[in-house]
Amino acid sequence: MKSIAAMASCLDRDVGSIGFLDFASFTGMEQKVAGSYKLVYRATYNHPKAGATAVALLQIRGSGSQETKHKALQEIEVFRELGLHDNLLGLCGLTVEPIAGDICLVTEYAPRGSLDQVLSTAQDNK
């Protein structure tokens, strides 16, 4: 398994201007969703100057290996292309989960859940 520093360096080459965040800066991680492709957590990002902010961590399973890293890069590219719209969650940065070595996308936190959850709840309330 690559070191976290090596993975960060590799990610910098592959994704360009998206910032790399230290995984140790995240606290209060609470798993919200688990799928075969990714895990989604709510966490607090403790910025050294700006303070604490609620974020979502999307851990792409298996992305620590070279063979599956392309899945993570595809997800990052989607956020880069679409994430600049006011009505979509923004990509705040990237980090690497230190145990599995998986790439994690750090996004704004949506307290009401995913779009699918919001629409499903609205439909149920009719």
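The structure, a predicted model, holds two aromatic pairs.

Visitor: How far apart are the ring centres of Phe23 and Phe26?
Guide: A pair of aromatic rings is described by the distance of the centres and the angle of the planes. For Phe23 and Phe26 the planes make an angle of 50°, and the pair is tilted. From centre to centre, the distance is 6.2 Å.

Visitor: Which residue does Phe26 pair with in a tilted pair with 40° between the planes?
Guide: The centres in this pair are 5.2 Å apart. Phe26 sits in strand S1 and its partner in strand S2, so the pair ties together parts that are 19 residues apart in sequence. The partner is Tyr45.

Visitor: Is Tyr45 buried or exposed?
Guide: Buried means under 20% relative accessible area. Tyr45 has a relative accessible area of 13%, so with that cut-off Tyr45 counts as buried.

Visitor: Which residues form the aromatic cluster?
Guide: Phe23 pairs with Phe26, and Phe26 pairs with Tyr45. Phe26 itself is buried, at 7% relative accessible area. The one cluster is made up of Phe23, Phe26 and Tyr45.

Visitor: Over to the helix, then. What is the distance between the end C-alpha atoms of H2?
Guide: H2 has 14 residues, and at 1.5 Å a residue they should span 20 Å. The model agrees with that expectation, so the end C-alpha atoms are 20 Å apart.

Visitor: How wide an arc do the buried residues of H2 cover around the axis?
Guide: The buried residues in H2 are Lys69, Ala72, Glu75, Ile76 and Phe79. They sit on the same side of H2, because they cover an arc of only 125°.

Visitor: Which exposed residues does the face of H2 turned away from its buried side carry?
Guide: An α-helix has 3.6 residues a turn, so residues three or four places apart point the same way. Here, the face turned away from the buried side of H2 carries Gln74 and Glu81.

How values were computed. Residues are numbered from 1 along each chain as its sequence is written. This is a predicted model: local features need pLDDT of at least 70, side-chain atom pairs count only at pLDDT 80 or more; totals for chains, interfaces and linings use all residues. Side-chain values use heavy atoms; hydrogens and water are left out. Helices (H or I, at least four residues) and strands (E, at least two) are DSSP runs, numbered from the N terminus. The expected span of a helix is 1.5 Å times one less than its number of residues. Buried means under 20% relative accessible area, exposed over 50%, partly exposed in between (1.4 Å probe, protein chains only). The arc is that of the directions from the helix axis to the C-beta atoms. Rings of Phe, Tyr and Trp (its six-membered ring) pair if their centres lie within 6.5 Å; planes under 30 degrees apart count as stacked, over 60 as edge-to-face and the rest as tilted.
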